[in-house]
Amino acid sequence: MTVTFGELAYDVAGPGTGDGLPILDDRGQARATADELARLGGGAVPRRGTVLPYDAQRSYDGVARPTTLRTAVVADGRARATFLLDLGGRLWSLVVDGREVLHQPTPLQVGNLALRNAWFAGGTEWNLGFTGHWPLTCAPVHAGVVGTPHGQVLRLWEYERMLGLVWRIDALVRDGTLYVHPVLANPHDHDVAVYWWSNSAVPLHDGSRVLVAAADAWHYDDTRTLSLVAVPGEPDQTYPGRVPGAADHFFRVAAADRHRPWICAVDEAGEGFGQASSARLMGRKLFRWGTSRGGRRWQEWLAPAGGPGYLEVQAGLAATQLEHLPLPARERWEWTEAYGRVAVAGAHGPWDAAVDAGRDAIDAMAPHLADTDALLAAHRDAPVDVRAQAGRWGALEVVAGHLPAEAATPFGEPGPEQQPWLALVRDGRLPLGDPPAPVTGPAWRRRLATAE
């Protein structure tokens, strides 16, 4: 297996850039009521109410232009996975045995759908933060390579400023399957309310079916009402290309499959995309735009050149995206996800039989999930050979002593944007002049309280 770094030429309408105006509110993102949290019973905690210190990314005009995007490619003889280093480390393409299993719109079209505004459809997005597409979805990430007995591993990382955590994933390909290993470590003396969902866009056809080991699901739509519904239901909700309304389905994964949760999205022939994980990533979700006029219009906007459209199959730390879980002080969560191509015999048969067939297909797709999880955990702290750099806010936090210096996730030195805060750390005062870019958190408040 090899990791290579290069560039991808693509037509891009955006992405949005920051305009310097901080986001003070939570942009009206959905949140669970106390009653809903009690019904879910997942031990969830309230989330933050602001996107600070990020600014809005809304400087885009919708005009597609030829653009060069930095990439990292992980490949073996059967599979090739392409990650976009300038756009949140998104997994943009996964080709297995000559077939693309993810959806890529043409052009890449930015719209106002994320916490900071700018968001685009396609590939697999790694969401850390709170309900909504994460703040770094249109921002660059650091990248490098780690050596292991099974070849090179791609490492992606960045400092997520809203929660004060380091976001990172390690990725490798084995026997035609992509394995990614996220690590979330809380360096603070207080708990942090976290949210993680891995969102995969896959092609949508009239006969597309989503398979998951579940008999019911929490249904959530534009009424913002959480209700428990049967799966597959009436009409059959597992055929998203045949249902008019847009909605989320958060599946309640069967107890027998919680040691290795999984989900598939297959076409009329039973072939398509499969995803599985270790037990930590327990949630599974289907999102569909629906076949009504509004849903079709969203698909046309996000993929202007047409095509079959897409649906999203997702995996998260909690049962739903309305929940945020407490990552305890000084603790670490990590898990491994597998992505690949599946062929599900009997995918369009009766539900229970189709689920059994889906489980067998996942077994065939991801035979190395457990030992790859152990391999990547063993190399978690290995130093990285840095190949691409991104923001320097993590470097400032390390210099300030708010974040430990790690050879596994280095951030370089603070840059020009961080200099006023660096002066506060070193000299105990902010320099006169224009206001600096914002920072947040109790450690910075304590420094400001004692500054000149």
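This text walks through the fold from overall dimensions to single residues. The model is predicted: local features need pLDDT of at least 70, side-chain atom pairs count only at pLDDT 80 or more, and totals for chains, interfaces and linings use all residues. Residues are numbered from 1 along each chain as its sequence is written, and side-chain values use heavy atoms, leaving out hydrogens and water.

Start with the whole chain. Its C-alpha trace spans about 70 × 50 × 45 Å along the principal axes.

The secondary structure comprises seven helices and 28 strands. These are DSSP runs, numbered from the N terminus: helices are H or I with at least four residues, strands E with at least two. Contact means heavy atoms within 4.5 Å. Among contacts with a separation of 6 or more, 74% join residues 24 or more positions apart.

Now the surface. The chain exposes about 17,400 Å², and carbon and sulfur atoms supply 52% of that area. Areas come from the Shrake-Rupley method with a 1.4 Å probe; for residues, only the protein chains shown count as cover.

Buried residues make up 57% of the 452. Buried means under 20% relative accessible area, exposed over 50%, and partly exposed in between (1.4 Å probe, protein chains only). A nonpolar core is a set of buried Ala, Val, Leu, Ile, Met, Phe, Trp, Tyr and Cys residues joined through side-chain atoms within 4.5 Å. The largest such core holds 106 residues; Phe83, Trp126, Leu156, Trp167, Leu178, Trp196 and Leu317 touch the most other members. Another core lies apart from it, with 11 residues, including Leu69, Leu87, Trp92 and Phe120.

Leucine 178 sits in strand S14, residues 177-185. Its relative accessible area is 0%, so it counts as buried. Leaving aside residues up to four places away in sequence, its contacts include Ala81, Phe83, Leu91 and Leu94. Further along the chain, leucine 178 also touches Glu337, Ala338 and Tyr339.

Finish at helix H6, residues 419-427. Its buried residues are Pro420, Trp421, Leu422, Ala423 and Leu424. Helix H5 (393-400) and helix H7 (442-449) are among the elements that cover them. Just after H6, glycine 428 takes a positive phi of about 75°.
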